[in-house]
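Work through the exercises below with the sequence and the model open. Each task is followed by a solution in steps.

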Amino acid sequence: MKKVLAIYPGSFDPPTNGHLDLIERGSKIFDELVVAILRNPEKYPLFTVGERRAMLEKLTAHFRNVRIDTFDGLTVDYASKVNASAVLRGIRALSDYEYELQMALMNRKLQPELETVFMMPAEQYSYLSSRLVREVAKLGGSIRDLVPTMVEQRVREKLDPAVKLQNARKMKSGKRK
Ligand code: PNS
């Protein structure tokens with residue numbers, strides 16, 4: 001029987017418990033699942049694509065049929081490149097539906113053979129998004145229970161003024177060389 005490879009595209013800035021929940025569900029129904037991080041969608045991301053990739057690789061290391069990759073350009077072109085027959089997307093609430101439907105139908109117009117599969121994350125993650133996680137963390141709120149512990153630590157390090165200063169100095173001295 002033909003193996004079904006699906007891609008799960010997104011920004012994952014940062015990966016949340018909702019993403020992990022969906023990856024676990026996807027890994028159970030697809031033979032292979034590629035979590036595909038979009039490069040360059042945001043001007044000022046919290047994490048570089050490399051950092052997001054490293055976090056996701058650690059967080060999904062226990063799934064034998066999940067791998068992490070990055071892409072740019074159209075999702076449908078990336079899907080063709082890796083021979084995917086499905087795109088996995090999460091729908092948290094009705095408010096997601098319109099945008100997701102639009103994307104799914106546009107992707108179908110561009111690549112009729114590619115199916116979009118919607119899955120629902122566990123209901124405790126139905127209000128969770130990377131954007132809200134970034135905002136809450138930047139304003140000093142707790143993001144425990146919203147992201148894996150490792151991500152919580154990385155976010156804290158990123159937003160710690162001392163670490164920020166250190167990184168800025170490193171970048172500056174790198175540029176001078
Ligand atoms: O995590 P996000 O931001 O909800 O993911 C959105 C993503 C990456 C799935 C979407 O922006 C996308 O597919 N971008 C790639 C460019 C593309 O194919 N655009 C047309 C989609 S209809």
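The model is a predicted one.

**Exercise 1. Helix H5**

Task: Find which residues of helix H5 are buried, and state how they are placed around the helix axis.

Solution. 

Step 1. Helix H5 spans residues 130–138, and its buried residues are Ser 130, Val 133, Arg 134 and Ala 137.

Step 2. These residues lie on the same side of H5, because they cover an arc of only 100° around the axis.

Step 3. An α-helix has 3.6 residues a turn, so residues three or four places apart point the same way.

Step 4. The cover over the buried residues of H5 includes helix H1 (17–29) and helix H6 (149–159).

Step 5. After H5 comes Gly 140, with a positive phi near 90°.

**Exercise 2. Helix H6**

Task: Identify the buried residues of H6, and say which helices they pack against.

Solution. 

Step 1. Met 150, Val 151, Glu 152 and Val 155 are the buried residues in H6.

Step 2. Their packing partners are H2 and H5.

**Exercise 3. The largest nonpolar core**

Task: Describe the largest nonpolar core: which of its residues touch the most other members, and which elements give two or more residues to it?

Solution. 

Step 1. The core holds 17 residues, and those touching the most other members are Tyr 8, Ile 23, Leu 33, Val 35, Leu 56 and Leu 88.

Step 2. Two or more residues come from each of S1, H1, strand S2 (32–38), helix H2 (49–59), strand S3 (66–71) and S4.

Step 3. S2 gives the largest share of this core, three residues.

Step 4. Apart from this core lies another one, of 16 residues, including Phe 47, Leu 59, Val 133 and Val 151.

**Exercise 4. Ile 23 and Thr 60**

Task: Is Ile 23 buried or exposed, and what does it contact outside its sequence neighbourhood?

Solution. 

Step 1. Ile 23 is located in helix H1.

Step 2. Buried means under 20% relative accessible area. Ile 23 has 0% relative accessibility, so it counts as buried.

Step 3. With neighbours within four places in sequence left aside, Ile 23 is in contact with Tyr 8, Leu 33, Val 35, Leu 56, Thr 60, Phe 63 and Val 66.

Step 4. Ile 23 and Leu 88 are 65 residues apart in sequence, and their C-alpha atoms are 9.0 Å apart in space.

Step 5. Thr 60 sits in the loop between H2 and S3.

Step 6. Thr 60 and Val 35 are 25 residues apart along the chain, with a C-alpha separation of 9.6 Å.

**Exercise 5. Backbone exceptions**

Task: Then find which residues a cis peptide bond joins.

Solution. 

Step 1. Most residues other than glycine have a negative phi, and most peptide bonds are trans.

Step 2. Phe 12 is buried, with a relative accessible area of 1%.

Step 3. Asn 83 counts as exposed, at 66% relative accessibility.

Step 4. The cis peptide bond is between Asp 13 and Pro 14, with omega about 0°. Pro 14 belongs to the loop between S1 and H1.

**Exercise 6. The largest pocket**

Task: Give the volume of the largest pocket, and describe the residues that line it.

Solution. 

Step 1. The volume of the largest pocket is about 1000 Å³.

Step 2. Its lining has 41 residues, and Gly 10, Ser 11, Arg 89, Tyr 99 and Glu 100 lie nearest the centre.

Step 3. Strand S1 (5–10), H1, strand S4 (86–90), helix H4 (94–110) and H5 each supply at least two lining residues. H4 supplies the largest share, nine residues.

Step 4. By type, the lining has 19 nonpolar, 14 polar and eight charged residues.

Conventions. Residues are numbered from 1 along each chain as its sequence is written. This is a predicted model: local features need pLDDT of at least 70, side-chain atom pairs count only at pLDDT 80 or more; totals for chains, interfaces and linings use all residues. Side-chain values use heavy atoms; hydrogens and water are left out. Buried means under 20% relative accessible area, exposed over 50%, partly exposed in between (1.4 Å probe, protein chains only). Helices (H or I, at least four residues) and strands (E, at least two) are DSSP runs, numbered from the N terminus. The arc is that of the directions from the helix axis to the C-beta atoms. Contact means heavy atoms within 4.5 Å. On a 1 Å grid over the protein atoms alone, a cavity is a set of points where a 1.4 Å probe fits but cannot get out, and a pocket is an open set with protein on both sides within 12 Å along at least five of seven lines; lining residues have an atom within 4 Å of a point. Grid points are joined across faces, edges and corners, and a volume is the space filled by probe spheres set on the points. Ala, Val, Leu, Ile, Met, Phe, Trp, Tyr, Cys and Pro count as nonpolar, Asp, Glu, Lys and Arg as charged, and the others, Gly among them, as polar. A nonpolar core is a set of buried Ala, Val, Leu, Ile, Met, Phe, Trp, Tyr and Cys residues joined through side-chain atoms within 4.5 Å.
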